[in-house]
Amino acid sequence: MPIICTFHDCWAFTGGCAYFDRVDCRQWVSECIKCPLKSHFDRSRQNFKLKKELFISIQNKLTIVPVSNWLEGFIKQSFLRNFRIKMIHNGIDTNKFKPIFSKSRVVLGVALPWSARKGLEDMIKLRGLLSDDIEIRLVGLNDEQLKNLPIGITGIKRTQSIEELVRHYGEAAVFVNPTYEDNFPTTNLEALACGTPVITYRTGGSPEAVDSETGIVIDKGDIESLAGAIMKVIDNPDLFPASACRARAEAHFDKNIQFGKYIDLYDSLSNKSK
């Protein structure tokens, strides 16, 4: 029977880490030996060998589906390089995420959960670089983070309501995703579907969500450039029109289109196995 495995991070071909960006590790290309992210109980070498053995044992049956071009590039450098690989981006429900609210001078960030990896400190630093008439709104904070949030930032706990999330996306002038480790964040897609341009760090596959009409890509940690990009979007809405954001989401990230690609893949493998 054919097997299809969707990869949402790098864990499958490393000794145990989902991402290796912050330490720029390349051991996984040949063999993980000593993990720079672990100080105790480092089983990365054993884990790497076991994964390699198990994956290779089903190589003729397995098709790997990375959800970003970025991840596909790493897979093709790993011990999985000779496997069947078919990249399919994540999809979202564009019938639920849609532009139905008027824009305000709101800079929105959404993460579940917020952490240093997701760029929480950078969002807080932005407060000192943007004028007071611009609201910074962060969705997905926990109680401790809310308690320690500085004045001038609106903090909101995780919401279970899609309608509420759509309102936040729709009201925002720009969605900011300062993530330091990621594959292909669906928050970018949700924002686009709501007609909101995206500013993201050059992290993983996150830049793949946008083009020149729908967002801006900034180098990791460049807070000054991040603030400048935010003002560019807010002050020049015609450069990043809501219609272009919506059109990109509908054309490239609608869940029905993306699910259809999986169905086509299932059908092709099923026919080959008969």
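A pocket, as the word is used in these legends, is an open set of grid points with protein on both sides within 12 Å along at least five of seven lines. The views below are taken from a predicted model.

**View 1. The second largest pocket and its lining.** The second largest pocket has a volume of about 200 Å³, and 13 residues line it. Those nearest the centre of this pocket are Lys-103, Ala-173, Val-233, Ile-234 and Pro-237. Sorted by class, the lining of the second largest pocket consists of nine nonpolar, two polar and two charged residues.

**View 2. The largest pocket and the elements around it.** The space in the largest pocket amounts to about 480 Å³, and of the 28 residues in its lining, Val-110, Leu-112, Thr-186, Thr-187 and Glu-190 are the closest to the centre. At least two lining residues of the largest pocket come from each of helix H5 (162-171), strand E7 (174-177) and helix H6 (186-193). The lining of the largest pocket comprises 15 nonpolar residues, together with nine polar and four charged ones.

**View 3. The open sheet of three strands.** Strands in the order E1-E2-E3 make up an open sheet, in which the pairing is parallel. Strand E1 (3-7) and strand E3 (84-85) each have a single partner strand and stand at the edges, so one side of each is without a neighbour in the sheet.

**View 4. The pairing of E1 with E2.** Strand E1 and strand E2 (residues 62-66) run parallel and are joined by five bridges. Within this pairing, Ile-4 has Thr-63 of E2 as its bridge partner.

Note on methods: Residues numbered from 1 in each chain as written. Predicted model: local features only at pLDDT ≥ 70, side-chain atom pairs only at ≥ 80, totals over all residues. Heavy atoms only, no water. Pairing = 2+ DSSP bridges. Helix = DSSP H or I, 4+ residues; strand = E, 2+ residues; numbered from the N terminus. 1 Å grid on protein atoms, 1.4 Å probe; cavity = no way out; pocket = protein on both sides within 12 Å on 5 of 7 lines; lining within 4 Å. Points joined across faces, edges and corners; volume = space filled by probe spheres on them. Nonpolar A, V, L, I, M, F, W, Y, C, P; charged D, E, K, R; others polar.
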